[in-house]
Amino acid sequence: MSKEVLDKLLAKFPQAVVSSHNRLGDETAVIKRESLLEVMRWLRDECAFEMLMDLTAVDYLGEEPRFEMVYHLKSLSKNYRLRIKARVPEGDPVIDSLIPLWKGANWFERECHEMYGIRFQGHPDLRPLLLYPEFKGHPLRKDYPLDRRQPRLPLLAPETRRFPRSGDETGHEGEKLPDDSHEHGEF
Amino acid sequence: MGLESKLGSGFLATKLEFFVNWARKFSLFQYPFITACCGMEFMSTMCAHYDMARFGAEFPRFTPRQADFLIVVGTISHKLAPVLRRVYDQMCEPKWVIAFGGCASCGGPYDNYATLQGIDRIIPVDIYIPGCPPRPEMVLDGLMRLMDKIQKTKLGDESTQLRYEEMLSKAIREWKGPKVEAANLRADW
Amino acid sequence: MPDTAKDLHTEVMDLVLGPSHPATHGTIRMTVKLDGETIVDIDVEPGYLHRGFEKECEDHKWNQCVIYTDRLNYVSPIINNVGFAMAVEKLCGIGDQIPLRGQYLRVILSEMSRITDHLTCLAAVTMELGAFTAFLYFVKAREWFYELIEGVCGARLTTSWTRVGGVRGDLHDGFADKAKVALSKTREVLQECDRLFTKNRIFMDRTIDIGVISREDAISYGMTGPWLRSTGVAYDVRKSHPYLVYGELNFEIPVGTNGDNYDRYLVRMAEMEQSCRIIEQALAKLPGGPVSIPDHRYTYPDKQLVYTNIEALINQFKLVYEEIRPPKGEAYAYVEGGNGELGFYVVSSGGNKPWKCRVHPPCFPIMAALGPVLKGYMLADIIPTFGSVNMIGGEMDR
């Protein structure tokens, strides 16, 4: 059933669709990012894809265009699914927002923006969702190092972390703790 | 704590200390700062099967002004760290802190950009309860150790607070990160 | 008497609820703009439990990621484990080769997890409305399931039970009998709490017509689970896209009409009863056999062979150190979680670590809708509505 939708999509938008496949039973179409809104509107209105299930991005570091937006659509009435992908280059990471079509896209796009740095045109309020305002950088990009830390408060130094109190009889008062100064990372 | 530090030592002071500590340890009011999965085991410990009420510690006070001890349950992220610092600073002396679970003790399985590697990076901790999540029996053991610690505390003992102030000032002096709001550094109100 | 109220200067008040708040199970901050007691606007700010799930998964081997999945929706950890395992199995192309016993076990424990999820949710909701007794009753029932799950998985909460290709371990002796006892006792607890709440004047006043969401809005926000079902849409992944052995079991999908908190409470109570039915049927139909796919690329060989046979030893060594390597590609697998459709989108670059492991959290779109849903209600209505979302911070913030 989903195969028919994919065929209809290919027939309706031959220039917009870059490639398509249905490996592992998931019908997928890769489209050009300029035609995203048009294709999605057609899918929602004509093919009964009432729900935008998921919206995310994948960072293919080394490939150009670098980012790939992935949208999972679901039709409740016809019970089929479709995955739409669109590549976004690193130099110009902009793509249309899907808020005019599905209200749920709001928070998904905010999260995608703060994690990958992709801007969504037409989004009314693209502020960070899960991270704090002092955070710099986009953590889910592949070139964001795993051990970079950006603490929000001055952290108490690790070597002198033991706090004595008269009721504490562990006997480890003078012990030097292992040096985990890699945790300081960059600020 | 001012009055207690004037008591000095001697037989009467020791007896008073014994009774005051006894009263304190059996009527603990906790502030459960619950964030994550450990909260479920905390709920189990509070409820009928494992019952924290028999230790006198079942009644949570959801305001730091009225709480005796802060029990930090679950992972603390960097986003939440200023909130925890503020809650700790708003509590009155004497206060104790329990780090419940692996994430509160040392960051747990999460060692990345988002997670604070243990709450003792921002506040002094008295008891660490390891586990992911700790079984309710371990929680009760930790609580009993806290009660032993309270019993042995000298009245007027301010060593933790003084050490905390010293370390905090040092950390603020050496801080190279972005500017932090004064209210997040120290809640003096 | 002259009306002096219209000359009074009034302002909208900002009230911050959270992130450390007794009624916010987990941490979330809601900045509520109030006009008296009426809510003018709510700004929901999540992220206080963001622990970097995706970044951690990109640095851990495939089977090692399962420990992070437990901590997503930590009240129903088995369901997350199953979802992740299904996604990776789909990627490897072995999804339909899981032995039947393994599939039945996954179903039995998933349903037990679902019961613990709903018990916790209703415990919290009713406690916040003042009924502390029901909290104790529900948590008491939950303990029985924790003991059962602990007997199989080794841990009450963070089970890490599934592996790619099957599950970690089989049931122990006497599990079926203990499960039957637990189910019958849980049914009694559910009936007791049903008598306490379903026709209770206070509960009804606090939850009927509160937090109403329309069907169109629920679909537009991408909601699934009890919120969507309370509006009348009978969408459940177990019926629409049957996975594992759900297609062979008889159960119903409870559906509400009004889309309010009361309907969601009724939907959850009914779902627990249906889960009990599923567990009983699955225990009756449980076949024998292995629990994991007998494929040397995914499953450890039998321990006796490892100690005596060199090929088995090398196989075990390679699986432990290098782990499985799914072929390059992507897969999206979805299961019915406690809150709705829990989807895992995994991308493999052919290596032994995921290139990307994305979770579609069911309570994320529901929390996105909470602000608009609660406009116009009173401050006290936030509490039951938020409770009925069953926001699990680990799942929402990841």
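Reply: 27 of the 29 residues of helix 4 of chain C are buried, so this helix is largely enclosed by the rest of the structure. Helices (H or I, at least four residues) and strands (E, at least two) are DSSP runs, numbered from the N terminus. This is a predicted model, in which local features need pLDDT of at least 70 and side-chain atom pairs pLDDT 80 or more, while totals for chains, interfaces and linings use all residues. Residues are numbered from 1 along each chain as its sequence is written, and chains are lettered from A and ligands numbered from 1 in the order in which they are written.

Me: How far does helix 4 of chain C reach from its first C-alpha to its last?

Reply: Helix 4 of chain C covers residues 100–128. The expected span is 1.5 Å times one less than the number of residues. The helix reaches close to that expected value, namely 42 Å.

Me: Which element of chain C gives the most to the side that touches chain B?

Reply: The contact (C-beta atoms, placed from the backbone, within 7 Å) takes 26 residues from chain C and 26 residues from chain B. Elements giving two or more residues to the chain C side include helix 1 and helix 16. The most, four residues, comes from helix 5 of chain C.

Methods: A residue is buried if 20 or more other C-beta atoms lie within 10 Å of its own, exposed if 12 or fewer, and partly exposed in between; C-beta atoms are placed from the backbone. Two residues are in contact if their C-beta atoms, placed from the backbone, lie within 7 Å.
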